[in-house]
Amino acid sequence: MWKGAIQFGLVTIPVKLYVATESDYAIRFHMLHKPDQTRINMKVWCPTEEKVISRAETVKGYEFAPEQYVVISDEDLEKVPLKTVRSIEIEQFAPKSDGTDEHTRFIKQAYYIEPDKIGRKAFYLLREVLDRKGLTAICKVVIKDREALAALDPFEDTMLLTTLHWPDEIRSTKELDLPDEEMDFKAAEVKMAEQLVEAMTDEFDPSKYKDEYREALMQVIEAKIQGQEITAPEPVEESANLVDLMKLLEASVKAASDTKSKGAPEPVSVADAKKERERRPARAKDADEAEKAPARKASRAARGKEAEKDLEEARPARRRKTA
């Protein structure tokens, strides 16, 4: 979705960017006309000519004064006097510390980087140095007519470019209703909370997690398609009573420990579920073939016996003819 180069000092590394995340499996709804349930059309309307126009007749315009516009074409955008229009400009390298993580956690989008063949050696040399030194490359790049701040990091067998929010885009936590005084905790409360955290601590495996809301929503949709009545789930009682925090922590520790010891079944990811659906026709075919196999085997055996019998009957005749 973007083609340019990484500028590393005087070194130019030709690369391509690919969006790293996938959202095609998301459930999408269309707008319908309620009385007849017909899908509506979004028309582009020109108020001056009072008619519907095609998108091919539209251009980009910037409003520099009320109701006054200047047209900006794609050719104009290509002429923007900025180095980052077609390059990922590395501004500096920063150690992967708490300070760097604090400023790079507000992510907009992640992109995989594919180096062109001519620049592979320089690309992987840069990746190797970043990996060995534990550094993040802070960059600037123009994507979709906007310059973005970005972080460049080694990732698996390539590098990952993550676009970030500019500092003035990040809202202050002072807007929140937070207490001014520090919280005072009892030693027993801290110890019990630590036990709960320990009981829930494990290596992070993203494949164990799935979009359960999507699955639940699909169940509702399938029920509506089949004309079934949809019953609302029982509301979960929400209690704001945290007077006896210790009892809640103790119950939570026990529940977490029981779940961990029993080994809860691993949920299926969306990708695995899709593969499972694709395999079903093949499995059904294999099962059908397996059911038919004994019959075919018996038929082949019967034909083999008949052939042997015919051969046996034919042998004396051949011997007499020879004699």
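## A helix to start with

Let us begin with helix H5, which covers residues 212-225. Just after H5 comes glycine 227, which takes a positive phi of about 75°.

Please keep in mind that this is a predicted model, so the values here are computed from predicted positions of the atoms.

## The whole protein

Stepping back, the secondary structure of the protein comes to 7 helices and 13 strands. Of the 323 residues in the protein, 19% are buried. The protein exposes about 26800 Å², and carbon and sulfur atoms supply 54% of that area.

Helix H3 runs over residues 120-133 and has 14 residues. From its first C-alpha to its last, H3 reaches 20 Å, close to the 20 Å expected at 1.5 Å a residue. After H3 comes glycine 134, with a positive phi near 65°.

Which residues of H3 are buried? They are Phe123, Leu126, Arg127 and Leu130. Seen down the axis of H3, these buried residues fall within an arc of 100°, so they line one face of the helix. The face of H3 turned away from the buried side carries the exposed residues Lys121, Leu125, Arg132 and Lys133.

## Strand E1 and its partners

Strand E1 covers residues 2-8, and it is mostly covered, with 5 of its 7 residues buried. E1 runs antiparallel to strand E2 (residues 11-19), and 7 bridges join the two. Within this pairing, alanine 5 has proline 14 in E2 as its bridge partner. E1 and E2 form a hairpin with 2 residues between them, and glycine 9 in the turn has a positive phi of about 65°.

E1 also pairs with E9, this time in the parallel sense, over 3 bridges. Here isoleucine 6 stands opposite isoleucine 88 in E9.

## Another hairpin

Strand E7 (residues 60-65) and strand E8 (residues 68-72) pair in the antiparallel sense over 5 bridges. Alanine 65 stands opposite glutamine 68 in E8. E7 and E8 form a hairpin with 2 residues between them, and glutamate 67 in the turn has a positive phi of about 65°.

## Aromatic pairs

How many aromatic pairs does a search of the whole structure find? The search finds 3.

Tyrosine 112 and phenylalanine 155 form another of the aromatic pairs, stacked at 6.0 Å centre to centre with 25° between the planes. Tyrosine 112 lies in strand E10 (residues 107-115) and phenylalanine 155 in strand E12 (residues 146-155), so the pair ties together parts that are 43 residues apart in sequence. Tyrosine 112 is partly exposed, with a relative accessible area of 33%. Phenylalanine 155 counts as partly exposed, at 30% relative accessibility.

## Positive phi in two loops

Glutamine 37 is not a glycine, yet it has a positive phi of about 55°. Glutamine 37 is found in the loop between strand E3 (32-33) and strand E4 (38-39). Is glutamine 37 buried or exposed? Glutamine 37 is exposed, because its relative accessible area is 63% and exposed means over 50%.

Glutamate 156 also has a positive phi, near 50°, in a residue other than glycine. Glutamate 156 sits in the loop between E12 and strand E13 (158-164). Its relative accessible area is 63%, so glutamate 156 is exposed.

Key
Residues are numbered from 1 along each chain as its sequence is written. This is a predicted model: local features need pLDDT of at least 70, side-chain atom pairs count only at pLDDT 80 or more; totals for chains, interfaces and linings use all residues. Side-chain values use heavy atoms; hydrogens and water are left out. Rings of Phe, Tyr and Trp (its six-membered ring) pair if their centres lie within 6.5 Å; planes under 30 degrees apart count as stacked, over 60 as edge-to-face and the rest as tilted. Helices (H or I, at least four residues) and strands (E, at least two) are DSSP runs, numbered from the N terminus. Buried means under 20% relative accessible area, exposed over 50%, partly exposed in between (1.4 Å probe, protein chains only). Accessible areas come from the Shrake-Rupley method with a 1.4 Å probe; for residues, only the protein chains shown count as cover. The expected span of a helix is 1.5 Å times one less than its number of residues. The arc is that of the directions from the helix axis to the C-beta atoms. Two strands pair if DSSP finds at least two bridges between them.
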